Amino acid sequence: MPKKPAGPRPRNTELLNVLPPEIRNQVERVEALRAKNFTGARYELLADELFRYAYVPLMAKMGSGEIAALASDSATPLAMSPEELQTLRSSQADRDELAVRTIAAALQTFTRRALGERRWRPEENRGRDGQPASLETYFFGQCLLVFPREMRRWRAERADRFARTANRLSPHYVRHRLGYETGSAPDGEVAALCDGVLTLLESAPARERAVVTLTLDGHSAGEIADLLHMTVPAVESVLYRFRRKARGWRRRGGLRLPSEMRAHALQNKRMAAGDH
């Protein structure tokens, strides 16, 4: 007959008695919650306290970029791209989403392991400074361990969202959005422009292709930001980089505008210079 799994190892009473009063009170609080199987109003109160404790510093570390070093040192190292770090610096909505997801996931793991299995043992495991870790400090450490996993999920969902939008790009679509008749074969200049735009975007990240696609649809920067869960400055930054890349490619002969578009651009340039 298989042996029944052993329960959590009992606490060392002597070591508990020498803990600071505030830490000892936390241990007693957790033991009382364990007797209730971590359910009920008192457990919900603890969960709310831990959430509020972890939320602000987690948001701050994402906003400052410090989270990158912490994620790279975790048990499941995570490398973050400059674009992802910039998104987290500039987008409070993205920081909020990641913080809430991370804390929610950490709370499940924390309740099961740290509390249920008594892995939080401040009487035995001291921190780097030799002091016992409070419940809040230990929980925030769990959040940092969980963050790489939640970041990978957020990254995958984000990439899928961009890819779904970007997949609409095609010669037919670009000609249509540029206002050319698609019921017949385009002339050489229009075909060259469409092919040039697509070639320029072939190696671009899905996010850039998605932003350009929605711009061709006629959406404003604010609308694109809402559709792609980005910030308006992030959308404008993507468009600025794409336009700069297109101008450079045009100067090198890789992107040639149809004659009527060149004439329109020249007229706008003269008007801007005051030459009417």
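Tutor: Axes here are lines fitted to C-alpha atoms, for helices over the stretch in contact, and angles run from 0 to 180 degrees between N-to-C directions. The model is predicted: local features need pLDDT of at least 70, side-chain atom pairs count only at pLDDT 80 or more, and totals for chains, interfaces and linings use all residues. Numbering starts from 1 along each chain as its sequence is written, and side-chain values use heavy atoms, with hydrogens and water left out.

Student: How many helices and strands does the protein have?

Tutor: Helices (H or I, at least four residues) and strands (E, at least two) are DSSP runs, numbered from the N terminus. The count is 13 helices and zero strands.

Student: How are H3 and H7 oriented to each other, oblique or parallel?

Tutor: H3 (residues 41-64) and H7 (residues 135-166) pack with axes 10 Å apart, at an angle of about 55 degrees. Angles under 35 degrees count as roughly parallel, over 145 as roughly antiparallel, 65 to 115 as roughly perpendicular and the rest as oblique. H3 and H7 are therefore oblique.

Student: Which residues does leucine 58 contact, leaving aside its neighbours within four places in sequence?

Tutor: Leu58 belongs to the H3 side of the contact with H7. Its partners beyond those neighbours are Ile67, Ala99, Thr102, Ile103, Phe140 and Leu144.

Student: Why does glutamine 86 count as partly exposed?

Tutor: Glutamine 86 lies in helix H5. Buried means under 20% relative accessible area, exposed over 50%, partly exposed in between (1.4 Å probe, protein chains only). Glutamine 86 is partly exposed because its relative accessibility is 43%.

Student: How does H5 lie relative to H7, perpendicular or parallel?

Tutor: The H5 and H7 axes come within 13 Å and cross at roughly 100 degrees. That makes H5, relative to H7, roughly perpendicular.

Student: Which residues of H5 and H7 make the contact?

Tutor: The residues divide into three nonpolar, one polar and four charged. From H5 come Glu83, Glu84, Thr87 and Leu88; from H7, Met151, Trp154, Arg155 and Arg158.

How values were computed:
Contact means heavy atoms within 4.5 Å. Ala, Val, Leu, Ile, Met, Phe, Trp, Tyr, Cys and Pro count as nonpolar, Asp, Glu, Lys and Arg as charged, and the others, Gly among them, as polar.
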